[in-house]
Amino acid sequence: MPAFISSLIDEMNMYRDSFDRFDTIYLGGGTPSLLDGRKINIILQALFSSFRFTDDLEITIEVNPSDLTLESARALHGSGVNRINIGIQSFDNNELSFLGRRHSSREGADAIENARTAGFTNVGLDLIYGICGQTLESWFKTLDFALSYTPEHLSCYQLTIEPSTPLGIEYINGSIDMPNEDLLYDFFIKSSEKLEEAGYLHYEVSNFARESKWMSKHNRKYWFHSPYLGLGPSAHSFYGRKRWWNYSSVDTYITSIKDDKMPPIEGSELLTSEQLCLEAFFLGIRTKEGIDLEEYSQKFHCDFFAQHSALLTKLIEEGIIRITDKNLQPTRRGLALADSLSII
Amino acid sequence: MERIRNFSIIAHIDHGKSTLADRMIQLAGLADTRTFKDQILDTMDIERERGITIKSQAITLPYRARDGQSYLLNLIDTPGHVDFSYEVSRSLASCEGVLLLIDAAQGIQAQTLANLYMAMEHDLEVIPVINKIDLPSADIDMVMEQIENELGLDPFTSLTCSAKEGKGIEEILEAIVERIPPPRGDSNNPLSALIFDAYYDPFRGTIVSCRIFDGMIRASQTIRLMSNKATYRVEEVGRFSLSRNKKNHLEAGEVGYIIAGIKTVSDVRVGDTITCDDHPCEKPLPGFKEAKPVVFASIYPIASDDYEELAAALEKYTLNDASFIYQKDSSVALGQGFRCGFLGLLHLDIVQERLEREYDLSIILSVPSVRYRFTMKNGESAFIDNPAHFPEPAQISKSEEPYIRATMMFPERYLGAVMKLCIERRGENSNINYPAPGRVELNFEMPLASVIFDFYDNLKSITQGYGSFDYTMIGYRESDLVLLDILVNGEKVDALSQIVYRGIARPRALQACERLKEEIPRQMFKIAIQGAIGGEIIARTTISPFRKDVTAKCYGGDITRKRKLLEKQKKGKKRMKMVGSVSIPQSAFVAVLKSENT
Ligand SMILES: Nc1nc2c(ncn2[C@@H]2O[C@H](COP(=O)(O)OP(=O)(O)O)[C@@H](O)[C@H]2O)c(=O)[nH]1
């Protein structure tokens, strides 16, 4: 067994019996699809023996299209994985090569078909917009093609350029020309309109579900401050007021587990009420449901409305937020402004 | 008393007053070259940086003259800016003579003239001194001619020197001894002493600088300030050397300091007369005036939590600046603050700078205003310097603003441009003199409000630094005044309201709108910026909103980083002021304040 997997299992054992039932497992971050079905199976079996789970357990895996052969899809399905999220990104080969992806548009389509054939009834696709040279038209082509597979879930991410990546450096040097703010706003709003017309629920800034039951049960935990346990290098965990994270280097992760016989925690933070309050707001405002005002003001002892009445009134008037009987919700336009809304 | 000489140096800025003072101090043996600290008379940092003297101070120079006698030469320094001309007059009142210092290359400037006239009013002996004769561009003949034609003085009474090279200094000291009359007065008379300066010492309280005209003053005596009848027990008296030099007593004719347990500088008034509480003199020395502020503005802390700190800083600041006054004020936009009065715009700059630098405060200033006079239909009249108190327009029967007579001197070639500037600033009744070939003295009557902003800066740049400026108040004149409000998304930003002459309301409003547009960051919605008089909008601009800023992904590992970023942004936002629903940064208030006058 590779050292990594045995470390992972050791780490699980360190947390054995410390938690109540889990209702989701998410195999993601990095490229878990590089692991073959057998290894995924070992990891899942180890999880099952270390922790307790609910009956409606959601098990998601993130895969690269080129890794998802029919065979591997079948193996994953056989191991109990019941939700698959495929990193399609685009169905345009030029865009894919701009993004530096290994797969072609054809391989993307094949991957989806393989997932379906293997029996997956909950398939999610990741797509990217805001690519250099992309027009609304070419983006909609990708989107239409994705929709033709009636995926249960869609994530449409605006391309984020990290300054330290090769793409970032090109961007900073001005050698590539990225869509401007107005166009990105159009991408965002028009995709939302289009997908909602197609019956999808725009339930978070970048996430769409064909029905509410297909929302990512797992990801929603991040946005509602639910507890989660992260295992493996650079995984983050959250419980109560505490957040902690593992070493990001795989080597350090493995040696730390071997030498210290303790969880390989690189850092942690104990959130102050003020920080919890800020997080609850900026995470909540990313979701269509928004923020339960009564719960929020009770939990954080602040009368949110009294503090910001002029601004909130203006934002409601401008159609950026709305107040339902309980919640403060971003409108579609508000979702595009969630960062600014976070610091009102 | 026969061997005391009291004198000042009057000079235009940069003509070398501080350098000359340093040389005289050196020659008197008070400081050798090693312990010599440059320009000893200008003590405060800001003064030094700006090359101007704010606080007048004195120093006693012991001098053994060629006649073999020892003399005490009291050099009384004078502030060098138009804002402080009253202080100058009090310093001059303490002297029997002045050195009129003129730059050999630049010749006579307006400031020189103004101060000379003041010296003449006090019947002082004037010794013209031509400085910087070492400069290749020095033109002694030209200056001699000016002394004759422009000042009406005998040019052959003038001395020449190079303060920089230390040449001609002894001749100056000799001339002081020979030509300036000794003080008159009688130590047996009741005490009368003129306060010409006061400064704050953290250990001793207020140090009062004064000139004794009659009588004597010594420790443990009870003195009385004649303007407010306050009495104090004298703790210490002495002369100013490089530091304070304690003495048993000061007597008629002398210049020195008094320490008497006076808490703040504002407890004493420059120009007031000190007398003895037991045997007071009959009447105070002439010329006392309360220093009257002419420019008013409100100061607010950027973070409202800093209010108490600001209050404490102002209290401390006034310990050392009696001409600065303040009282509580509040603004809807900016919260609690203080309404302050200044002697002029330079004084305002100095106060602002010192509050920010010495007390580490971030403050916002409202648009400066002069003091207007309104007469109501019911016959009552009121002076108003705060736009917040602008009367109901329908009730006003007459509005007036303060006017000044400006005196400017500059080379003739700039006449057209300067005339244009003055006329733009509503100057009238101009008067042109040609005191010497190629030089112009231009007089204009102008509203004070139109020169307080950046008139002097403009004048200097138009005349490439050769123009000088001085002014005197000439009273109130009727003027069509309106209250200009600035609205941001319909909300009045009260701190930006201004009382202005109707004729400039529109350009002023447009400019304010443009400045705000440049400084207010885009927000989630469109921002309309408007200038309005009453209900009438006279200028407007808009700031278009931004529409998308959200980061695409925010999952488990992204949250901490994201929170930290938002915490930072939130802090930045806290430093902005909310007006209705719009966040306005400090820089926006500053930008409007710095508006060029139009
Ligand atoms: N060449 C020359 N420069 C001088 C002389 N006296 C003063 N200065 C320079 O003129 C400038 C202004 O002098 P300062 O004493 O600060 O002038 P103040 O503003 O009148 O006090 C400084 O740069 C001095 O070094 C002089 O006799 N000759």
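The domain assignment divides chain B into five parts: domain 1 (4–179), domain 2 (192–276), domain 3 (295–365), domain 4 (372–478) and domain 5 (482–593). The model is predicted. In chain B, the C-alpha centres of domain 3 and domain 4 are separated by 26 Å. Six residues from domain 3 of chain B and six residues from domain 4 of chain B make the contact.

For chain A, the assignment gives domain 1 (20–223) and domain 2 (291–341). Their C-alpha centres lie 30 Å apart. Here the contact draws eight residues from domain 1 of chain A and five residues from domain 2 of chain A.

A helix pair was then examined in chain A. Two packed helices are described by the angle between their axes and the distance between the axes. Helix α1 of chain A spans residues 3–15, and helix α10 of chain A spans residues 250–260. Their axes come within 9 Å. The crossing angle is roughly 55°. Angles of 65 to 115 degrees count as roughly perpendicular and those under 35 as roughly parallel; α1(A) and α10(A) are therefore oblique to each other. The crossing of α1(A) and α10(A) is left-handed. On the α1(A) side, the contact is made by A3(A), F4(A), S7(A), L8(A), D10(A), E11(A) and M14(A). Helix α10(A) contributes V250(A), Y253(A), I254(A) and I257(A). By class, the residues of this contact comprise eight nonpolar, one polar and two charged.

Backbone geometry was considered next, with one residue taken from each chain. In chain A, Q89(A) is not a glycine, yet has a positive phi of about 65°. Q89(A) lies in strand β3 of chain A, which covers residues 83–89. The relative accessible area of Q89(A) is 7%. The cut-off for buried is under 20%, so Q89(A) is buried.

In chain B, S220(B) also has a positive phi without being a glycine; the value is near 75°. S220(B) sits in a loop of chain B, between β9 (216–218) and β10 (222–225). Its relative accessibility is 44%. Exposed requires over 50%, so S220(B) counts as partly exposed. Thus Q89(A) is a buried strand residue, whereas S220(B) is a partly exposed loop residue.

Key
Residues are numbered from 1 along each chain as its sequence is written. Chains are lettered from A and ligands numbered from 1 in the order in which they are written. This is a predicted model: local features need pLDDT of at least 70, side-chain atom pairs count only at pLDDT 80 or more; totals for chains, interfaces and linings use all residues. Side-chain values use heavy atoms; hydrogens and water are left out. Axes are lines fitted to C-alpha atoms, for helices over the stretch in contact, and angles run from 0 to 180 degrees between N-to-C directions. Helices (H or I, at least four residues) and strands (E, at least two) are DSSP runs, numbered from the N terminus. Angles under 35 degrees count as roughly parallel, over 145 as roughly antiparallel, 65 to 115 as roughly perpendicular and the rest as oblique. A crossing is left-handed if the near helix is turned anticlockwise from the far one by less than a right angle, and right-handed if clockwise. Contact means heavy atoms within 4.5 Å. Ala, Val, Leu, Ile, Met, Phe, Trp, Tyr, Cys and Pro count as nonpolar, Asp, Glu, Lys and Arg as charged, and the others, Gly among them, as polar. Buried means under 20% relative accessible area, exposed over 50%, partly exposed in between (1.4 Å probe, protein chains only). Domain bounds come from an automatic or database domain assignment.
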